[in-house]
Amino acid sequence: MAELHIIGQVLGGSGFQFQTLFCKWSLVSGRNWELLEGLDQGQTQVDCAPDGDMVVWAHPIDVHYSCKGLTGWPKLSFQVWGQDVHGRNDICGYGFCHMPTAPGMHELDCVTWIPEGTVGERLRAFFVGGNPRLKLEEIVHTPGDRFRLQTQTSGIVHLQLGVIMKDFVANHVKC
Amino acid sequence: MADPLPSCFTVMATGQIEGADLNGNDNAYCKFHFVAGEDWQLLDGLEEGITQSSRVSQGPDQMLVWNFPLDVTYKSTNAYGWPQLVVSVYGLDYLGRDVIKGYGCMHIPTCAGRHTLKLRLFKPRSASGLQSFLAWLSGMPAEFSDPRFPSYGEGREVTRVVSGGHVIVQINVMTKDMELFGYTDGSSRGSANTAQGPALQGLF
């Protein structure tokens with residue numbers, strides 16, 4: 001039985017359409033993995049950053065997994081939401097990234113996207129607000145059929161993660 | 001006869017709070033706290049402290065320098081609850097009262113080696129325009145009641161903040177006996193200060 005520690009932060013986001021953003025994140029893993037300690041999901045603070053600067057969330061991630069097998073390696077799935085001047089929340093990006101499989105310090109930049117609606121929906125979103133959202137949020141992190149989904153590129157989520165592995169070498173895993 | 005296995009591993013972090021860039025703000029000081037989990041015990045060093053008050057340099061580089069030494073040693077049996085450094089930067093307003101300029105937080109690097117940390121600062125936003133005007137007038141802007149709050153993962157979703165400025169911290173991390181516990185922290189491979197990810201030399 002090996003153990004994995006992920007210790008780091010969701011630093012912030014940049015390049016999104018709003019500058020007032022928050023992020024809902026969750027760690028998704030397979031059946032071989034069990035969360036021993038720590039929170040595997042959360043929501044960051046809502047930060048309002050000056051134009052051009054990174055939106056700062058500085059949300060700590062400290063999780064301790066135990067694993068019986070390598071499949072289902074944990075991945076971090078996010079939804080970035082923007083808040084406008086009236087206090088309404090609107091989706092700004094979906095994204096995911098796998099946790100690094102090598103021990104050490106890592107700085108990750110995860111790309112995000114949002115679904116693009118029809119011309120009428122985009123016009124309405126421009127004037128009234130309300131970007132289209134996904135009905136099934138699992139497609140963000142599961143490989144599957146996304147062929148009919150039309151999306152638009154959104155901003156980047158910045159992470160800084162430290163990975164500590166326990167007993168992987170003893171179990172003959174090269175990482 | 002083999003040596004008995006150690007009962008815990010040790011992590012030592014030394015370095016300095018170098019200074020801050022507060023977007024032109026002058027005359028500020030910094031309070032810091034180290035926050036660690038329940039399995040962690042402080043062996044040596046100060047877990048909290050206050051730096052001196054400093055002014056920006058005369059030249060074009062608007063950096064505020066504190067050069068405050070950090071030196072903590074922890075022992076633990078579990079990597080969960082790895083220590084975090086939380087900073088609160090205070091400055092003086094136009095009437096000389098202490099006002100919060102920003103909070104920042106970052107984990108001590110998990111990989112042994114020398115690291116430069118950039119703690120981006122954020123502070124709570126007032127609920128309305130009137131409240132922020134009153135806060136400016138009275139010199140009492142909104143603050144977190146618990147200075148360690150930025151290190152918590154829970155309860156952050158209800159906070160609305162404004163970000164700006166950053167604090168630079170230099171940290172050297174050394175660990176002892178982590179391999180005897182079966183931990184690999186990645187410090188034996190490539191460079192510890194990564195921008196693109198670890199250097200995977202010599203694997204194949």
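Q: In this predicted model, which residue of E10(B) does Lys166(A) stand opposite?
A: E10(A) pairs with strand E10 of chain B, residues 183-184, in the antiparallel sense. The pairing runs over 2 bridges. In E10(B), the residue opposite Lys166(A) is Tyr183(B).

Q: Is Lys166(A) buried or exposed?
A: The side chain of Lys166(A) meets that of Asp167(A) in a salt bridge, at 3.7 Å from N to O. Asp167(A) has a relative accessible area of 25% and is partly exposed. Lys166(A) has 16% relative accessibility, and a residue under 20% counts as buried. Lys166(A) is therefore buried.

Q: How many residues does chain A give to the contact with chain B?
A: The area buried between the two chains is about 3500 Å², with 56% of it from carbon and sulfur atoms. In chain A, Gln45(A), Met105(A) and Ile164(A) lose the most area to chain B, together 18% of what that side buries. Chain B brings 44 residues to the contact, and chain A brings 43 residues.

Q: How many salt bridges does the rule find across the interface of chain A and chain B?
A: Side chains of opposite charge can pair when their charged atoms come close. The structure holds 6 salt bridges over all chains. Between chain A and chain B there are 18 residue pairs in polar contact. For salt bridges across this interface, the count is 0.

Q: Which element gives the most to the side of chain A that touches chain B?
A: Strands E1 (2-14), E5 (46-48), E6 (55-67), E9 (104-115) and E10 (151-166) of chain A each give two or more residues to that side. The residues of this side divide into 21 nonpolar, 15 polar and 7 charged. With 8 residues, the element that gives the most is E6(A).

Q: With which residue does Asp93(B) form a salt bridge?
A: Asp93(B) is buried, because its relative accessibility is 15%. The closest N and O atoms of the pair are 3.2 Å apart, and the partner is Arg97(B).

Q: What is the relative accessible area of Lys176(B)?
A: Lys176(B) forms a salt bridge with Asp177(B), the closest N and O atoms being 3.1 Å apart. Asp177(B) is buried, at 15%. Exposed means over 50%, so Lys176(B) counts as partly exposed, with a relative accessible area of 49%.

Key. Residues are numbered from 1 along each chain as its sequence is written. Chains are lettered from A and ligands numbered from 1 in the order in which they are written. This is a predicted model: local features need pLDDT of at least 70, side-chain atom pairs count only at pLDDT 80 or more; totals for chains, interfaces and linings use all residues. Side-chain values use heavy atoms; hydrogens and water are left out. Contact means heavy atoms within 4.5 Å. Buried area is the accessible area (1.4 Å probe) that two parts lose on being put together, summed over both. A salt bridge is a side-chain nitrogen of Lys or Arg within 4 Å of a carboxyl oxygen of Asp or Glu. A polar contact is a pair of N or O atoms within 3.5 Å; within protein, one must be able to donate a hydrogen and the other to accept it, and residues adjacent in sequence count only if both atoms are side-chain atoms. Helices (H or I, at least four residues) and strands (E, at least two) are DSSP runs, numbered from the N terminus. Ala, Val, Leu, Ile, Met, Phe, Trp, Tyr, Cys and Pro count as nonpolar, Asp, Glu, Lys and Arg as charged, and the others, Gly among them, as polar. Two strands pair if DSSP finds at least two bridges between them. Buried means under 20% relative accessible area, exposed over 50%, partly exposed in between (1.4 Å probe, protein chains only).
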